[in-house]
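These are notes for a colleague who is opening this entry for the first time. Please read them beside the model.

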Amino acid sequence: MPEQLVLLLQALGNILFHWENLAAVVFGTVAGVLLGAMPGLTSTVGIALLIPFSFYMSPLAAIAMMYGVNKGGTYGGSIPAILLHVPGTPAAACTQLDGYPLTRQGKHGKALQMAAYASAIGDTLSDIVLVLFTVKLAGFALKFGPPEFFTVILFALTIIGSVTGRSIIKGVFSAFAGLLLATVGLDPITSLPRFDFGITDLSAQLPLVPILIGIFSVSEVIIQAEKAITKGKSPTIAPKSKNPADNRVSWLELRGCLKVIIRSYFWGQLIGILPGIGAAISCWVGYGEAKRTSKHPERFGKGALEGVAASEAANNAVCGANLVPLLTLGVPGSTDIAVLMGVFLIHGIDPGPRIFVEQPQLVYGIFAAGFVAIVIYLLVGLLAAVRIGKIVASISTAVIFPGVLVLCWMGSYAINTSIFDTGLMVFFGILGYLMRKFDFSLPALVIAFMLGSKFEISLRRSLLMSGGSLTIFFSRPICLFFIGLTLASLFLRKKWLRR
Amino acid sequence: MKLTTNTKIGLFMVVVCLAVYFLAIPTIPEDIWAGSRPGLTSKFLPKVITVSMMILGALLVMNEYIPLESRKAIEVRIEMTRHEKTRALVTMLIIAGYVYAVSLFGFLFPTMLALGMLMWYFGERNWAVIVLTSVGFSWVLYYFFGKIMMLLLPRGWIFSLLKKL
């Protein structure tokens, strides 16, 4: 424990006293808040768009910036949800239920402050757990061999495929499609070419960045283009109450909500550790639990401060928790973290348990960046949330989304300076759009693609170890545990989602 | 037999998987282990994945007759008007056209044009905003990536050809 604390303090110094790192976290977090506040631009899109800028940064600065976008973006979604009744991100869908009624009562200052406090508390607790337990979990995961990794990835892909959409069939199909795409290029064991059809650009593995940008960002541009934008009056924010007490959170109110915040944090933490579920569901679970256990459930939906606190604590608690499977097992837990994993890979870092042995400074740097990002978005939330809301209300999507497209092109091109990659971006943009329309799972496709190579290597190495016998997966306790979890996740899925 | 959206998607998935299985997988070269150690060849995983996907496609078709999943839950409801479909299609064409135009004419001019076109298509009608934003943003990106970060932006093969001539 003291060693962890020393490493964390050193990393904090490395973030705060190196201008490049500090600027990256500040920029990333503020950009995340702004992007999260912009309906249609989630933090996933934000991270994907910032990828070209990260090429020119050190690995720590680049990852810290993206982690800041993730945290800031998750919080930022609450601002338009409270002020304009439009959630900036799906994770803030629940915040509007009580946030907007508070705004209509002239208490938007109170709602915004509570959202900032609850997000920061939930996020901080989640980060503390991340720091305390990931090292131990990673130490345990270091003992895993290829059969264990295969069953872990199988479990992750099954759960991602089965819970990220309405249909298990389509979700699992998306995961298989991702795995199939990952087989394009050289075979990782024999180095024989597969599915390259004589095209040089396909002889290596399919490039990750154009796929990420196409699937998440270009498809969003097409979705936004569907609606003809008619110039009308910008949405306005209801006037604030003249009573100063209505525009700030008192200590008594914060203390009154602490129980709800901690309970919601717990749900966010739990959901965040499981791959594939994410902040969009944790906010509903946190909110539902807060309403169920409240002495006054009838107040929910009419401007209950606890409602805002529950939703925000639950969704931001996911941010830190999402890093647990990535850093301990190399499995991204959400789309944001999948894109973040892409940034690790671009910088030549393979996330997983070995990262704690090989690059402890980087890992603790990311932890420290997380704490700094929380302080930054708390300050932004307390000082500038209303101003951000006004900017969001006045800004035209007609200017934003074409700009996003050009940044998409730049991001896809810059990684290999390849025109072919930009064509891939268009292909995956259209594919992503069609998948969204037909209810297929984008996270399942992308995460399976990213894990595909590890999945194949661990499977084939396991079979090499056993001489081709599948019994190797049923003779080791950890493998059996994860196979059990895989089957349970499929059978319990319906009941779980209903809850 | 009533063809619902899900049935069509399922059939499409099966056809694509059959094509991959019978046309694409045979193009993978045989490795030295083929035949001697089952399960370890380069074709092994693509085959397993393709067959699994085919089964899932068939399950999606079957679901319409023998419900495995709640039909209501997986029902695809694309509530799009013809106008919205056209807009999505036109946007795809503009994006594809832009990417192709960059390979022909380089980064700067197609970017300005595409930005302007898309802004207009997205509903912006103020010409000053369209011109200033498309020219300004393209130049900022060109200058930042091309001049400061020294990224080799495409010049376009038409311009390269003209220069050679």
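How far does helix H5 (residues 108-122) of chain B reach from its first C-alpha to its last?

1. The model is predicted. In it, H5(B) has 15 residues and reaches 21 Å between its first and last C-alpha, close to the 21 Å expected at 1.5 Å a residue. Just after this helix, Gly123(B) takes a positive phi of about 120 degrees.

2. Confidence comes next. Chain A has a mean pLDDT of 87, and 96% of its residues reach 70 or more. Within chain A, helix H20 (residues 477-498) has the lowest confidence, at a mean of 78, and H18(A) the highest, at 94. Where pLDDT is low, the predicted coordinates should not be read in detail.

3. Chain B contains seven helices and zero strands, and its pattern along the sequence is α-α-α-α-α-α-α. Of its 165 residues, 28% are buried. Among contacts in chain B between residues at least 6 apart in sequence, 59% join residues at least 24 apart.

4. Several residues of H5(B) are buried: Pro110(B), Thr111(B), Met112(B), Ala114(B), Leu115(B), Leu118(B), Met119(B) and Phe122(B). Their cover comes from both chains, and includes H10 and H17 of chain A as well as helix H4 (82-105) and helix H6 (127-148) of chain B.

5. The pairing of H5(B) with H6(B) can be described in more detail. Their axes come within 9 Å and cross at roughly 140 degrees, and the crossing is right-handed. On the H5(B) side the contact is made by Leu108(B), Thr111(B), Met112(B), Leu115(B), Gly116(B), Met119(B) and Trp120(B), and on the H6(B) side by Ile130(B), Thr133(B), Ser134(B), Val135(B), Phe137(B), Ser138(B) and Tyr142(B). By class, this contact has nine nonpolar, five polar and no charged residues.

6. The contact between the chains takes 56 residues from chain A and 55 residues from chain B. On the chain A side, the elements giving two or more residues are helix H9 (168-182), helix H10 (208-226), helix H17 (397-414), helix H18 (419-437) and helix H19 (442-466). H17(A) supplies the largest share of that side, 11 residues. The chain A side has 33 nonpolar, 12 polar and 11 charged residues.

7. Helix H12 (residues 279-293) and helix H13 (residues 305-329) of chain A pack at an angle of about 145 degrees, with their axes 7 Å apart. The crossing of H12(A) and H13(A) is right-handed. Residues in the contact include Ser282(A), Gly286(A) and Ala290(A) of H12(A), and Gly307(A), Ala310(A), Ala314(A) and Ala317(A) of H13(A). The residues of the contact divide into 10 nonpolar, five polar and one charged.

8. Is Gly122(A) buried or exposed? Gly122(A) lies in helix H7 (residues 108-141) of chain A. It counts as buried because 36 other C-beta atoms lie within 10 Å, where 20 or more are needed. Leaving aside residues up to four places away in sequence, Gly122(A) touches Ile261(A), Ser264(A), Tyr265(A), Gly268(A), Glu312(A), Ala313(A), Ala314(A), Asn316(A) and Ala317(A). Gly122(A) and Pro325(A) are 203 residues apart in sequence, and their C-alpha atoms are 19 Å apart in space.

Technical notes. Residues are numbered from 1 along each chain as its sequence is written. Chains are lettered from A and ligands numbered from 1 in the order in which they are written. This is a predicted model: local features need pLDDT of at least 70, side-chain atom pairs count only at pLDDT 80 or more; totals for chains, interfaces and linings use all residues. Axes are lines fitted to C-alpha atoms, for helices over the stretch in contact, and angles run from 0 to 180 degrees between N-to-C directions. Helices (H or I, at least four residues) and strands (E, at least two) are DSSP runs, numbered from the N terminus. A crossing is left-handed if the near helix is turned anticlockwise from the far one by less than a right angle, and right-handed if clockwise. Two residues are in contact if their C-beta atoms, placed from the backbone, lie within 7 Å. Ala, Val, Leu, Ile, Met, Phe, Trp, Tyr, Cys and Pro count as nonpolar, Asp, Glu, Lys and Arg as charged, and the others, Gly among them, as polar. pLDDT is the predictor's confidence in each residue, from 0 to 100. A residue is buried if 20 or more other C-beta atoms lie within 10 Å of its own, exposed if 12 or fewer, and partly exposed in between; C-beta atoms are placed from the backbone. The expected span of a helix is 1.5 Å times one less than its number of residues.
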